[in-house]
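Subject: Structure for your review

Hello,

Here is the structure we spoke about, with notes on its pockets and backbone below. Please have it open while you read.

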Amino acid sequence: MRILTGAILAGLISTTGAFADPVDDKLVLNEETEMVVRTAAPAHVSETLDEVMSGWLFRGEETRAMQMDDFDNPGMIFVEQGQDSWAAVDGSEGKSCSSCHNDMDSMAGVKATYPKWNAEAGEVRTLQMQVNACRTERMGADAWKYDSGTAINMEAALASVSRGMPVNVAIDGPAQSMWEKGKELYYTRTGQLELSCANCHEDSYGMMIRADHLSQGQINGFPVYRLKNTKLNGSHSRFKGCIRDTRAETYSPGSEEFVALELYVASRGNGLSVEGPSIRN
């Protein structure tokens with residue numbers, strides 16, 4: 001099976017220029033905020049990676065330049081929509097997000113810590129889950145569909161005020177069991193192609209797969225504006241697409257499996273800067 005998997009992956013990787021190292025470049029946002037796009041791997045992944053690298057380093061020059069300036073970043077349009085939702089009154093309690101939290105700038109640093117354990121709820125929550133809990137429990141409003149336009153716009157807006165801050169996702173204590181579940185999913189081969197997340201993003205990053213440059217699959221830049229579908233994409237939607245590409249039955253955005261996988265993958269990028277909304281192919 002390992003031989004078959006290797007043959008499948010080799011068939012997908014271009015035979016011409018199969019290796020294309022990440023660029024040696026600096027991401028400076030709006031000519032003032034330098035982002036950490038490569039750093040020493042956190043201890044819990046140091047056995048497999050010496051260094052963790054943002055997906056920004058694996059993109060072409062034009063794509064990298066778009067992300068460096070908010071006026072050129074199409075993801076910022078959706079950030080503005082998220083900011084509008086932040087100030088909008090909704091639900092039976094006559095409240096908005098700003099009723100409790102004031103300006104969105106008060107949320108600086110929050111995105112960098114999610115997913116995280118919520119002691120009151122007794123579960124690991126993603127940022128979208130926490131927003132929905134606030135909506136249903138405090139605002140008397142309906143929950144937003146996971147990774148839907150409104151939900152992902154809000155996550156992008158919350159990410160934007162944390163840009164430049166280091167990802168710092170906790171994996172110890174009561175969150176550890178979910179982290180272990182996410183790790184198992186990351187290394188489990190799935191589908192007719194018998195591929196895992198690690199086969200592409202740990203074993204083969206830096207290679208060209210068809211016309212795409214394989215990155216380490218870091219999610220510090222999510223939500224991501226993808227040039228491919230011209231909209232914001234959440235990490236769970238990306239997980240779903242990757243698993244689908246292995247020709248396997250996949251999970252739904254917001255599922256326990258994807259919450260666990262997000263926790264694990266986010267922790268692999270501890271130390272990288274929050275970039276969302278970033279731009280990728």
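By class, the lining of the largest pocket holds 21 nonpolar, 12 polar and 10 charged residues. Please bear in mind that this is a predicted model.

The largest pocket has a volume of about 1,200 Å³. Its lining is made up of 43 residues, and those nearest the pocket centre are His201, Leu214, Arg238, Cys242 and Asp245. Two or more lining residues come from each of H7, H8, S8, S9, helix H9 (235-245) and H10. H9 gives the largest share, with 5 residues.

The lining of the second largest pocket divides into 12 nonpolar, 3 polar and 1 charged residues.

Next, the backbone.

Phe222 and Pro223 are joined by a cis peptide bond, with omega at about 0°. Pro223 sits in the loop between strand S8 (212-213) and strand S9 (224-226), and both S8 and S9 are among the elements that give two or more residues to the lining of the largest pocket. The bond from Gly276 to Pro277 is also cis, its omega being near 0°. Pro277 belongs to the loop between helix H10 (256-268) and strand S11 (278-280).

There are also positive phi values in residues other than glycine. For Asn102, phi is about 60°. Asn102 is located in the loop between helix H4 (97-101) and strand S5 (116-118). Asn102 counts as exposed because its relative accessibility is 52%, and the cut-off for exposed is over 50%.

Glu194 has a positive phi near 50° and is likewise not a glycine. Its place is the loop between helix H7 (176-187) and helix H8 (197-201). With a relative accessibility of 25%, Glu194 counts as partly exposed, since that class lies between the limits of under 20% for buried and over 50% for exposed.

Regards

Notes: Residues numbered from 1 in each chain as written. Predicted model: local features only at pLDDT ≥ 70, side-chain atom pairs only at ≥ 80, totals over all residues. Heavy atoms only, no water. Helix = DSSP H or I, 4+ residues; strand = E, 2+ residues; numbered from the N terminus. Buried < 20%, exposed > 50% of the residue type's maximum accessible area, 1.4 Å probe, protein only. 1 Å grid on protein atoms, 1.4 Å probe; cavity = no way out; pocket = protein on both sides within 12 Å on 5 of 7 lines; lining within 4 Å. Points joined across faces, edges and corners; volume = space filled by probe spheres on them. Nonpolar A, V, L, I, M, F, W, Y, C, P; charged D, E, K, R; others polar.
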